[in-house]
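I opened the notebook to record what I looked up in this structure.

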Amino acid sequence: MATKIPVTVITGFLGSGKTSLIRHLLQNNQGRRIAVIVNEFGELGIDGELLKSCQVCPEDGEGDTNIFELTNGCLCCTVQEEFYPTMQELIKRRDSIDCILIETSGLALPKPLVKAFRWQEIRNAATVDAVITVVDCAAVAAGTFASDPDAIAVQRQADDNLEHETPLQELFEDQLACADLVVLNKIDLVDAETKARVEELIKQELPRVVKIVESDYSQLDASILLGFQAAVEDNLDSRPSHHDTEEDHNHDEEITSTNLILDRTFDPEKLQQQLEKLAQEQEIYRIKGFVAVPNKSMRLVMQGVGTRFDKFYDRAWKPEEARQTRLVFIGRDLKSSEIESQLVAL
């Protein structure tokens, strides 16, 4: 029998740094042929686009891509509908794949996803090498677990397929309990004493000895993240979950996200100032997207989580690509027309 494809599940709250971790790993893959499944929130695939723009995974060729975007709900709750057919497709291409990375949404419970690797059709071809939990050090230090807990609540409400409504504390504990490695990210935002306090808090939540590695900007070597050979699907009893004995869950079906696509350019500083103003006027918790900048051949990535904004150029615009500004807003009772009118007026 051919060697099973090792799969690394990367979990953690919104804004913890999961996409940055995978992007860095793709750009520093040390020759590995890596496929990625990303569980996106919202209709515009911003995270998937960021990974594709790393210029490592092929976008051309015979229609094959190494980036698979699942946008229809929280992955741990849509395993059969969303995850299974994607894994079947990857298994068919096992001879051209060295490993698979799965980025879950910020609301995902890792354990239900790992259980899918017990299915015979998957078990014979793939194994969970490790579960990696990314933790926002600054957020945990502030007692919120995520940099913007309101954004997590909004995601929960906007996801029609989310079948569990877990308090943040329990979700944080479940993500840690399933981990083979914890990445303590954004340590540059706290002092040494605070970092030590957060690390101790994490250790108290871990049900067994798990290594904690520190990071800023999620930049870690592949040798740290891959090659655990943990066969997690065979060792789930040592990874307790608050949902182990539950059969049914409740969910909220309120929709609270909106997308904006504009065929125009923006000055980055003026746009950020306007977005900050909008976030104060409306309950906007999360902003992410791509910006066309005047006289710039590069595409600008702009992200806002809570009061933090970050922007960087990820790649050059393609010759055939429309230089559009595409933004996703996540919030409560969003007034889409006001958002658009204020940005158009810039």
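I looked up which elements line the largest cavity, and found that β5 (126–136) and α8 (168–177) each supply at least two residues of its lining, with β5 giving the most, four residues. Helices and strands here are DSSP runs numbered from the N terminus (helices H or I, at least four residues; strands E, at least two). The model is predicted, so local features need pLDDT of at least 70 and side-chain atom pairs count only at pLDDT 80 or more, while totals for chains, interfaces and linings use all residues. Residues are numbered from 1 along each chain as its sequence is written, and side-chain values use heavy atoms, with hydrogens and water left out.

A cavity is a set of points on a 1 Å grid over the protein atoms alone where a 1.4 Å probe fits but cannot get out, and its lining residues have an atom within 4 Å of a point. Grid points are joined across faces, edges and corners, and a volume is the space filled by probe spheres set on the points. I noted three cavities of 30 Å³ or more, and the largest holds about 40 Å³. Ten residues line this largest cavity, and the closest to its centre are Phe13, Val134, Val135, Phe172 and Gln175. By class I recorded six nonpolar, three polar and one charged residues in the lining.

I next searched the whole structure for salt bridges (a side-chain nitrogen of Lys or Arg within 4 Å of a carboxyl oxygen of Asp or Glu), and the search gave ten. One of them joins aspartate 234 to arginine 123, with the closest N and O atoms 2.6 Å apart.

Aspartate 314 belongs to strand β11 (residues 308–316) and arginine 299 to strand β10 (residues 298–305), so the bridge ties together parts 15 residues apart in sequence. Both aspartate 314 and arginine 299 are buried, where buried means under 20% relative accessible area, exposed over 50% and partly exposed in between (1.4 Å probe, protein chains only).

Last, I checked helix α1 (residues 18–27), where eight of the ten residues are buried, so the rest of the structure largely encloses this helix. Among the buried residues I listed Lys18, Arg23 and His24.

Definitions and conventions: On a 1 Å grid over the protein atoms alone, a cavity is a set of points where a 1.4 Å probe fits but cannot get out, and a pocket is an open set with protein on both sides within 12 Å along at least five of seven lines; lining residues have an atom within 4 Å of a point. Ala, Val, Leu, Ile, Met, Phe, Trp, Tyr, Cys and Pro count as nonpolar, Asp, Glu, Lys and Arg as charged, and the others, Gly among them, as polar.
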